[in-house]
Amino acid sequence: MKKIGKVYCAILAGGTGTRLNSPVPKQFLEVGGVPILIRSIRAMFADERIEELWIGANGDWYDLAINQIKQFIGKDERLHICRGGEDREGTLLNILDSIKNNNVINEDDIVLIHDAVRPFATKRIINDVINELHYCDVCNTVIPVNDTIIRSDDKKSVSGMPDRSVLFAGQSPQGFRIKTLIKAFESLDSETRKKLTETTKVCFVQDIPIHIVTGEFFNFKITTPYDMTLAEGVLKYKDSAGIE
């Protein structure tokens, strides 16, 4: 069993929300009277082992992030914010640099990476990710794929139908031993990194074993106007079911 040292969290809030057709990025919109970003922060802080939480916010919306934190959370010494990057990878790298510049990183230290627009991560999921890192360096949260998956090479006709029993959809949080993740990033050239749209792929393409834990279907990423409506329903469901 591997030791776990200091637990960090990185929340990626640098997106612009173009698919939601909103003048304000979706992470700053409210669901049930509370900004999505704030709900994501609160969800991660449900696990008291997280000692530092870093938010990477897009430069144009940096001040809004600060104002929402002040309004809904207030002063919390565990909470920090830095400038986001041009894309998801850039925002994550900025957060990792901020963590390195403000701390001495040890071999046992871990970081949980979470999407700002995924506000319904449960205490159980977070606990499972942290605990799984006793047995690995990288861990991903996934859910089974319920629908039949169709592959189309030309986007016009069916090329294949993979066996869905071995297919899963990735979620967040994802867990990493920080030094493993940093080393994985440093081992790839910038062009290759830009092609990787999911953080654990940085490790996967270098044959670093990745464990999985089970997520929740309601731990979805808010992307479209429909998702905003669905999110209101999830709030009611979680409250009625007593899910933290």
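Buried means under 20% relative accessible area, exposed over 50%, and partly exposed in between, with a 1.4 Å probe and protein chains only. The model is predicted: local features need pLDDT of at least 70, side-chain atom pairs count only at pLDDT 80 or more, and totals for chains, interfaces and linings use all residues. Residues are numbered from 1 along each chain as its sequence is written, and side-chain values use heavy atoms, without hydrogens and water.

**Exercise 1.** Classify the pair of Phe28 and Trp61.

Step 1. Rings of Phe, Tyr and Trp (its six-membered ring) pair if their centres lie within 6.5 Å; planes under 30 degrees apart are stacked, over 60 edge-to-face, the rest tilted.
Step 2. The structure holds three aromatic pairs. In the one of Phe28 and Trp61, the centres are 6.5 Å apart and the planes at 35°, so this pair is tilted.
Step 3. Phe28 has 5% relative accessibility, so Phe28 is buried. Trp61 has 24%, so Trp61 is partly exposed.

**Exercise 2.** Do likewise for Phe120 and Phe220.

Step 1. The centres are 6.0 Å apart, with 55° between the planes: tilted.
Step 2. Phe120 is buried at 1% relative accessible area. Phe220 is buried too, at 13%.

**Exercise 3.** Which ring does the charged end of Arg83 sit over?

Step 1. The criterion: NZ of Lys or CZ of Arg within 6 Å of the ring centre and within 35 degrees of the ring normal.
Step 2. Arg83 sits over the ring of Tyr62, 3.7 Å from its centre.
Step 3. Arg78 lies over the face of Phe45, at 3.7 Å from the ring centre.
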